[in-house]
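Student: I am new to this structure. Can we go through some of the labels and test each one?
Tutor: Here it is.

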Amino acid sequence: MSLNTGMAVIGCAVEAPVTEHGRSLEELLHDAALSALADAGLGFDAVDGIVVAANDQLDGRAISIMAASGSVGGVDRDILSTPSAGEHAFVMGALRVASGQYRTQLVMAWNPTEVSSFPEAERLGADPYYHRRLPLDELSAHALQASALKAAIPQMAAAAKTLDTTLPTASGSNDIQRWPLARGAYPTPATGVAALVLASEDFIADRPDIRSAWLHGMGWATEAGFLGDRDLSDAPALDAAVERAYAEAGIADPETTIDVAEISDSTAFQQLLVMEKLGLSRRETWDADIVSGRFARNGALPVNPSGGSRIANAVFCNGLIRIAEAARQIRGSAGSAQLPAPKVALAHASSGFAMQYQTVVIFGADRKGTVK
Amino acid sequence: MNRPPRVGIIGIGQSAFKARRDDASYPDLVREAVNLALTDSGLELDDMEAVVYSLSPDAMVGIGNAERLGVDAVGARGKRFLRINTGGATGISSVAAAYYHIASGACDVVLTAGADKVGECGDSQTVLNKIWDPIYERQLPLGTITMLAMSGVRYAEKYGMTEEDMAAVVVKNRRHAALNANAHLRRETSVDEVMSSRYIAWPIKLFDCCPQSSGGGAMVLASEKYIKDRHLDAVWITGVGHCSESYYLGDRMGHAPVADHADAHALRRSFERSYQMAGISDPARQVHVAELYAPFSNTEFHAIEAAGLTPPGKSVAPLREGRFDIGGDQPVNPSGGTLCTNAIAVTAMIRVAEIALQVSGRAGAHQVKGARVGIASGNGGDHQFFGTMVVEA
């Protein structure tokens, strides 16, 4: 099933890592909201509704989205919040526009770094009886998944090592941070914020000068919560999300159809699994594809031309940043990461321990797709 | 754009809410409500295309992103799944999110579910004290009770409400809850008993406060085509709205407030949006029954007014005259409302569920005779996020 109306991303703002520390969280959110709206050529008066996503443990507020009311223009407006994942705010915003009740949505997620300990905050996400004492945090979950992938896929370990050496933050270290992940393979969390403006096709029709990244397909799904219930060397929720997104976008051959991809890359192990699931690369050719530069900015299929989360690991909003960066490529606003006129861009986002939540979004330069 | 499909409610499940549920874990409570809703709908878990998870502050269940551990309880593995949190409004916001899944054309049948163990969380106020800005307002000290006590003081000054008027709300809602097998506080009370209960935050006394409840809620929503193809019974969501106020309470007080803390400005705006969508122009005449989120007795007055059932400041006298009783012209909170049951994550969902039961004639002993058009509301944050809905037979 696809959506009732066409829509597009018409404005984006990404600030990650935030390097200037003189602003409060609310000032940071306000700046990002204004910037995304300015990118769309709009003001707050054009915003019909808002969907935000934040994490209570990282924000230090019991209902973290409360801080968004004034700072993102929410007073007297309609705000929803999806604390399950930053990328889920995009999904909810798209569904709200497609419902016909709204013509525009401002979608935002953020990741502050004032928390005294990320691992301790993340450990609160493990069930208190079985997993919390492991200890289970994002890094250990990534490492568990990496070890499962290493054991299950013969080509994985070598390809992951090769991929790590091509990334901007390659440390070259052989020290193990959390086995089998090398020190530097999982970057330090960074403060970040992402904001997007979604608009319906009728809103865009009245404004022919707006640069649009049209939504062609969208799939999202979840795995079970307990890691013990999952085969961490597989990602069936990603299979479900990809199938839906590609079906809506009419993509049968992703390798030749997709011009650029922004994908979650918390570890090279996960990135390789995701690229295979997305049909962008097969395990038999992982190493050769990486060495040949196929996924480089000037390669045949650029992956993460923005630099991905390796240059800014804005933990809770990495997913929404991937979506924003893919939309920027289509809109021609990706700055120094911009590729020459891509027609189809893919965004992949994963969240939760060992990629529990999976989301795939397809953008195109033309309006086709998703609409019934 | 294609015409959005009508969205119907086809299944409702709610626990018999209690102070404690030692017999059930948190996911067990979610599953309990899911099973009840599925049985009510006649559908199976496999029929659900997507799930909207209803959960307010993580700290209330002591697990960060506790929705992740609820995935199996709602049968969401491999399915479209996300969580909604707008504080106390979460439940109605989750029903709205499920509505958007269907109205958008993305899905035909969607489950929304959640649970809370507020009675077992240690102390909900300790959690809720941490919703305020840590620099400016947290140290006052503000809690959700002191926040709405200030609203009560302002309302009393502006419109002339007395503490006995507040007690009359409690008496009415407890009388209603005595008829509702799922309500938490079901013992009837009197104005004298309410007045003699100890002060919590003047003018709010113990009996003016909602309880801390444990239990779950779930609803199944479906498109009109899905409902008609399968000859299912349904009531229809005809109006959906949300509106927000400022974060800082200081913005609602002083000499130049953004909104007056006596009233519920954003709740009124939210109702205006729902009514416009539903084509309701005169709610005082067109609405037959209301389930309005009011966790403290004084807040039911401004909720009634924000819903347009009376003009601003004019709800006290008709309440005391019985207009909002079961058997009155326009019953408010016939279930006993939030004042008698508050499992925060699903409290506002139960408001919608109760209205759906009312307009379908299935509310049992607390049924409002002839109810065909009902309204529901939810309040969250620091009286900040408001969701409203119109449900019709």
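Student: Why is B:Ser197 called buried?
Tutor: This is a predicted model, and the values are computed from it. Buried means under 20% relative accessible area. B:Ser197 has 10%, so the label buried applies. B:Ser197 sits in the loop between α6 and β5 of chain B.

Student: What makes the side chain of B:Ser197 part of a polar contact with B:Val194?
Tutor: The distance has to be within 3.5 Å. A polar atom of the B:Ser197 side chain lies 2.7 Å from the backbone oxygen of B:Val194.

Student: Which residues does B:Ser197 touch, leaving out those up to four places away in sequence?
Tutor: B:Lys205, B:Leu206 and B:Phe207.

Student: What makes B:Lys205 and B:Glu163 a salt bridge?
Tutor: The nitrogen and the carboxyl oxygen must be within 4 Å. Here N to O is 2.7 Å. B:Glu163 is in helix α5 and B:Lys205 in strand β6, so the pair ties together parts 42 residues apart in sequence.

Student: Why is B:Lys205 called buried?
Tutor: Its relative accessible area is 0%, so B:Lys205 counts as buried. B:Glu163 has 18%, and is therefore buried too.

Key:
Residues numbered from 1 in each chain as written. Chains lettered and ligands numbered in written order. Predicted model: local features only at pLDDT ≥ 70, side-chain atom pairs only at ≥ 80, totals over all residues. Heavy atoms only, no water. Helix = DSSP H or I, 4+ residues; strand = E, 2+ residues; numbered from the N terminus. Buried < 20%, exposed > 50% of the residue type's maximum accessible area, 1.4 Å probe, protein only. Polar contact = N/O pair within 3.5 Å; in protein donor to acceptor, adjacent residues only side chain to side chain. Contact = heavy atoms within 4.5 Å. Salt bridge = Lys/Arg side-chain N within 4 Å of Asp/Glu carboxyl O.
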